[in-house]
Amino acid sequence: MFFIPQKFWDQKSETISLQGLKELQCRRLQKLVKYVYTTNTFYQKKLLDAKVKPESIKTLKDIEKLPFLTKQDLRAYYPFGLVCTPLDDIIEVHASSGTTGKPVVGPYTKNDVELWAEMMARSLFANGLRKNDILQNAYGYGFFTGAHGFEKGAQKIGAMVITIGSGNTERQVDIMKDFGSTTLACTPSYSLHIAEVAEEKGFNTSTDFKLRLGAFGAEAWSEEMRKNIEKRWGIIAHEHYGLTELIGPGIVSECEYNKLHINADHFYPELIDPKTEEVLEFGDEGELVYTTLTKEAFPAIRFRTKDLASITEETCACGRTLPIQSRIKGRSDDMMKIKGVIVFPSQIEAALMQVPGISDNYQIVKTKQGAIYSLSVEVEPSENRYKEGHLDDFEKKAENEIYRILNLHIPVHSIPPKTIPRSTGKAKRVIER
Ligand SMILES: [Zn+2]
């Protein structure tokens, strides 16, 4: 008898026909609009203002009649104004950092928590996580969604979760070695900091550990950075995408072909022009807008993510039919306009990673003179490259790589290794002086 390994976590949902998916999305959308209309006065008013009633939703395209939901709406109804169930039914609450005003609150019913675990299990299984894996969960535990989502999904698969959280990096290295962690879950930049500390402790990161898989997310990182991480640790690194406003991680993740499949049976994606709010075709690049089709406590309808990407419906070699999202080019908030050229931090990162002797640590410095911003980049060469000297050659190479990608001259300054503050969560890549 042959043993055929399980290829999908939920084959029926992950290989549904495109037509079947659209019918399912439409049924769920109709139910959702009726649900929010009858349970939440804010949503009811919002729909009435837009002259929409539940019966107005006849086809999927009718979603375009519905108004957008923004972060400002969420703040205005802080903390529980958008909840559509009795508060008694909520069993878990998360929140995103409130760097600009009140935090964004994510409440969950029992079914929402179950949906989250299921979406994360589907995502991690697509990455290659299995029951016999040991996942070192180095996302920050606490109010953030990240660590909790990875824990729920990995446990649903039956993997062992090391609930270490972020920080205490020397201990991360010891635990990784002693427990034989096979999977590391954290921000991509933190995985590199852990590698740096492991090397300082005398380890060879690509051979001294059992690590084989990385489940990374919560910050924008370039393909070049992915290659660096994979080489440094000797692992396969996968991207996760999600937002507290929608459920946390679990919305989009990668199959073995590095295609970012959207769990579109529960999260309906649209693309819009961020300026005109016009709905775009999937092949175009635009701002991602998501509708949670099946959440109970806090359903988000047409939430504007501010993240720029494109979507395709091509079939993937992995067999999944779920639509594919491109890597996030950047948040529309992070977009900078320098001498008329649109610049994203991820493009500068991609350019820098081409320079021999570079470390993974850099920061983009924005300087404001009057109403005009100028940019410069500070990078740490590797220890060896730094000792070699002739750093003006190194800087020139970096400037040329940036020019090749952006057609823009941005000065690069090399600074001594280990000068830029390391982060155990999201790295701060752009600073203002
Ligand atoms: Zn695929």
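The structure is a predicted model, in which local features need pLDDT of at least 70 and side-chain atom pairs count only at pLDDT 80 or more, while totals for chains, interfaces and linings use all residues. Residues are numbered from 1 along each chain as its sequence is written, and side-chain values use heavy atoms, with hydrogens and water left out. Helices (H or I, at least four residues) and strands (E, at least two) are DSSP runs, numbered from the N terminus.

A pocket here is found on a 1 Å grid over the protein atoms alone: it is an open set of points where a 1.4 Å probe fits, with protein on both sides within 12 Å along at least five of seven lines, and lining residues have an atom within 4 Å of a point. About 590 Å³ of space lies in this second largest pocket, a volume being the space filled by probe spheres set on the points, which are joined across faces, edges and corners. Its lining has 24 residues, and Arg 232, Ile 358, Ser 359, Asp 360 and Ser 382 are the ones nearest the centre. Two or more lining residues come from each of α8 (188-200), α9 (223-233), β18 (358-369), β19 (372-381) and α11 (383-388). The top contributor is α8, with 5 residues. Sorted by class, the lining has 11 charged residues (Asp, Glu, Lys and Arg), 6 nonpolar ones (Ala, Val, Leu, Ile, Met, Phe, Trp, Tyr, Cys and Pro) and 7 polar ones (the others, Gly among them).

Now for some strands. Strands of a sheet pair through backbone hydrogen bonds, either parallel or antiparallel. Two strands count as paired if DSSP finds at least two bridges between them. Strand β1 (residues 90-95) pairs with β2 in the antiparallel sense over 5 bridges, and Glu 92 has Tyr 108 of β2 as its bridge partner. Strand β2 (residues 105-109) is mostly covered, with 5 of its 5 residues buried. Val 105, Pro 107 and Thr 109 are buried on one side, and Gly 106 and Tyr 108 on the other.

Elsewhere, 4 strands form an open sheet in the order β10-β11-β12-β15, with antiparallel pairing. The edges are β10 (267-272) and β15 (330-331), each with a single partner strand, so one side of each has no neighbour in the sheet. Strands β10 and β11 (residues 286-292) pair over 6 bridges, and the bridge partner of Tyr 268 in β11 is Thr 291.

Between α4 (71-76) and β1 lies Pro 79, joined to Tyr 78 by a cis peptide bond with omega about -10°. Asn 258, in the loop between β8 (248-254) and β9 (260-262), has a positive phi of about 55° without being a glycine. Asn 407, in the loop between α12 (391-406) and β20 (412-414), has a positive phi near 60°. At 54% relative accessibility, Asn 407 counts as exposed (over 50%).

How values were computed
Buried < 20%, exposed > 50% of the residue type's maximum accessible area, 1.4 Å probe, protein only.
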